[in-house]
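Biologist: I have the sequence and the coordinates open side by side, and I'd like to go through them with you. Could you put them up here before we start?

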Amino acid sequence: FDRVTVYRTLQSFVEKGILHTIPAPDNSVKYAVCKDTCEEGQHQDNHVHFTCENCGKTICLENVIIPPVELPAGYVSAQTQMIVNGICDSCRQKPPNKGRRHPSAAA
């Protein structure tokens with residue numbers, strides 16, 4: 001497969017309001033499907049994302065809204081993102097893994 005074509009397609013989906021990006025702890029980018037309220041050039045996904053430090057899974061917390069951020073005069077926000085890092089419920093309920101962590105989890 002052609003990676004350039006895949007990344008261009010993903011970027012096109014972001015621009016059209018089909019996907020939104022989520023920055024990952026390793027500086028890569030993850031993608032998630034947008035809500036129906038997103039439109040081309042205008043994302044409405046102002047929810048919090050949660051990344052598990054154990055398994056590396058990232059989920060959208062649809063019901064946890066990013067609080068408004070007041071910017072200084074003259075500043076215009078293009079996008080606001082909030083990521084909470086921690087241990088997901090599934091990992092929290094598992095017995096300890098003897099210190100082994102997911103390779104993409106933050107150290």
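Biologist: Let me start with helix α2: why are D89 and R92 separated by about one helical turn?

Modeller: This is a predicted model, and in it D89 and R92 are 3 residues apart in helix α2, so about one helical turn lies between them. The two form a salt bridge, in which the closest N and O atoms are 2.8 Å apart.

Biologist: And how many salt bridges does the count come to?

Modeller: The count comes to 1 salt bridge.

Biologist: Are those two side chains buried or exposed?

Modeller: R92 counts as exposed, because its relative accessibility is 58% and the cut-off for that class is over 50%. D89 has a relative accessible area of 45%, so it is partly exposed.

Biologist: Staying with β1 then, which strand do the bridges join it to, and how do the two run?

Modeller: β1 is joined by 5 bridges to strand β2, residues 29-33, and the two run antiparallel. Together β1 and β2 make a hairpin with 5 residues between them, and N27, in the turn, has a positive phi of about 70°.

Biologist: Is β1 enclosed or open to the outside?

Modeller: β1 is largely enclosed by the rest of the structure, because 4 of its 5 residues are buried.

Biologist: Changing topic to the open sheet of 3 strands: what is the order there?

Modeller: The order is β4-β3-β5, and the pairing in this open sheet is mixed. The edge strands are β4, residues 58-65, and β5, each of which pairs on one side only. From one strand to the next, the twist averages 30°.

Biologist: What holds strands of a sheet together in general?

Modeller: Strands of a sheet pair through backbone hydrogen bonds, and they can do so in parallel or antiparallel fashion. In this sheet, strand β3, residues 47-52, is joined to β5 by 4 bridges, and those two strands run parallel.

Biologist: Which residue in β5 does C52 stand opposite?

Modeller: C52 stands opposite G86, which is found in strand β5, residues 83-86. Although G86 and C52 are 34 residues apart in sequence, their C-alpha atoms are 5.1 Å apart in space.

Biologist: What else is G86 in contact with?

Modeller: Leaving aside neighbours within four places in sequence, G86 is in contact with F50, T51, C52, E53 and N54. G86 has a relative accessible area of 14%, which is under the 20% cut-off, so it counts as buried.

Methods
Residues numbered from 1 in each chain as written. Predicted model: local features only at pLDDT ≥ 70, side-chain atom pairs only at ≥ 80, totals over all residues. Heavy atoms only, no water. Buried < 20%, exposed > 50% of the residue type's maximum accessible area, 1.4 Å probe, protein only. Contact = heavy atoms within 4.5 Å. Salt bridge = Lys/Arg side-chain N within 4 Å of Asp/Glu carboxyl O. Pairing = 2+ DSSP bridges. Axes fitted to C-alpha atoms, helices over the stretch in contact; angles between N-to-C directions.
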